[in-house]
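Here are my notes for your first look at this entry. Keep the viewer open and check each point as you read.

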Amino acid sequence: MTADFLATAATAVRGIVEVPGSKSETNRALVLSALASGPSILTGALKSRDCTLMLNALRALGTIIEELSPGELHITPPERFHGAPDGINCGLAGTVMRFVPPMAALAATPTLFFGDPQATTRPMSGLLDGLRQLGARIETDSLPFVLSPGPLVSNPEVTVDSSASSQFLSGLLLVGARLPSGLRLRHIGESVPSRPHIEMTLAMLRSRGVLVDEDETDAFSWRVHAGPITPLDLRVEPDLTNAAVFLAAGATTGGSVTVSGWPESTLQPGEQFLNVVKRMGCTTSRGPEGVTVTGPDRLQGIDIDLHSASELTPVVAALAAQAEGTTRIMGVAHIRGHETDRLTALRTELQKMDIAVIEHDDGLEIVGKPEERTPVALSSYADHRMVHFAAIIALTRPGTTVDDVSCVSKTMPDFPKLWNRLVAA
C-alpha cells in the first residue's frame, strides 16, 4: 500500500469548516425510525461507511429507506422485522454490531452477523449476554455469530457488564419499548465509558414519546416502559468529535479555525474538546458563524480524564506531542477495544517521533517536543481516528506520511478534501 503525504501548514491555519452530520446521532435516529410506529424523515444524515452499513442492516431486516435528496432519508418501518440469514455486514461499525442485534431479536427467524477481520476482536460479550437474557440464542461471544430469536422473556430484568462499551446499554435501551413488557436494565461491573452517549440515547428515546425511568439510587439502572415509538422528523447535528481535528489545526499552529453550525446545546461528548484546548492555552468563542478555537504561541501540557469523551484521545495525543511539558491522558482503558488498541497504537506512533511516552493501563503520559520538525512515516491501523492523529502531526513536520488515508471513510469520507482545503487556505 502506497503511503499518502499529508498537508503541512506553511503558516498558522485559519479558516471556516462545515463538518458533516454526527455519526452517533445519525445511526441512533435510523434505528429509532426503523423501530417507530410510522414513517420518519431524517435530514442532514451523515454519508459514511458506518452509516451505509447501518442503512444496509436495517434494509436487511425489512425497513424501507428512500433517499429523497443528499442527506435526506425517508424511513418506513416494517410491521415486523424478518431475519437476515444471508448475513449483515457490520464492518468495523460499533453502532451496527451493537444496535442491530437487539432489533434482530425481535424478528421471527435467525440473522447472521459478521464484519471486517479486525471486528472479531471488538468487545461484544456484554451485549450478547444481555440478549440471551431476553431469550435469544447465540453460540459465541464475538463476531461472527448467528442470533436465533427465542420467545421473548416476560418482564425481563437484564444485567449487563457494559464497562467495555456504553453501546451495549444503548443497544438494549433502544429496543426496550418494543418488548412486550418493556425492559429493566442495569449495568454491573466497573464504570461505564462515554456516559454522554447513553444520555444521547435516552434523550432521543424520550423525544419519541418513550417513557424511561432512572433509578434514583443507581445511576446505571433504567426501566423502559413498553409502548409505541413515535415517528419523528429530525435534522442531525454536525459531528463534534470529527470537528475536533479541524479545531486542533488552529490550536497547534497558533491559528484560528471556526466550525460552523456548532449547536448551542448538545449531548455530544465532542463538546468537551473546547474545555481541553482552553486548558492547553487556547481561546474559544461562539458567534453567528459557529465555534472558533484560536491557538496560543505554544500549547501547554495538561492532566485530563477523557473517560466520557474517549474518542478525542488521538487528537489530544497529537496536541500533546507538540505541547510544552507533560500531558497525562487518563480514564480511557476501554479504547483498547476500539477499531484498534488505540493506546498501544498511539504509543507506538509517538515513539517513532522519539517522543517520550509511557503507556498506562488506562491512558498515556506524553512529554511534548514542540520544536521537532523531522518527517515521520505513520501507520493508521485501519483506524480513522489514527489518521486524524497523523494529520495534526504532519502540520508541523513536512514530508510526514500515513499508510491509509482512505479508512476515514468510516465516519468522514470527505476528510482529505476538507482538511487540504483548510490547510491550504
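**Notes on a sheet, a helix and a buried valine**

1. Strands S2 and S14 run parallel and are joined by 4 bridges. S14 covers residues 256–259. Look for Val17: its bridge partner in S14 is Val259. Remember that this is a predicted model.

2. Now take in the whole sheet. The sheet is open and has 4 strands, in the order S2-S14-S16-S15. Its pairing is mixed. The edges are S2 (14–17) and S15 (283–287), and each of these pairs on one side only. On average, neighbouring strands are turned by 15 degrees against each other, direction ignored.

3. Strands of a sheet pair through backbone hydrogen bonds, and the pairing is either parallel or antiparallel.

4. Turn to Val315, which sits in helix H9 (residues 313–321). Is Val315 buried or exposed? Val315 has a relative accessible area of 5%, so it counts as buried, the cut-off being under 20%.

5. Which residues does Val315 touch, leaving aside those up to four places away in sequence? They are Ala244, Val245, Ala248, Phe273, His388 and Ile392. Take Ala248 as one of these. Ala248 and Val315 are 67 residues apart along the chain, yet 7.3 Å separates their C-alpha atoms.

Definitions and conventions: Residues numbered from 1 in each chain as written. Predicted model: local features only at pLDDT ≥ 70, side-chain atom pairs only at ≥ 80, totals over all residues. Heavy atoms only, no water. Pairing = 2+ DSSP bridges. Helix = DSSP H or I, 4+ residues; strand = E, 2+ residues; numbered from the N terminus. Axes fitted to C-alpha atoms, helices over the stretch in contact; angles between N-to-C directions. Buried < 20%, exposed > 50% of the residue type's maximum accessible area, 1.4 Å probe, protein only. Contact = heavy atoms within 4.5 Å.
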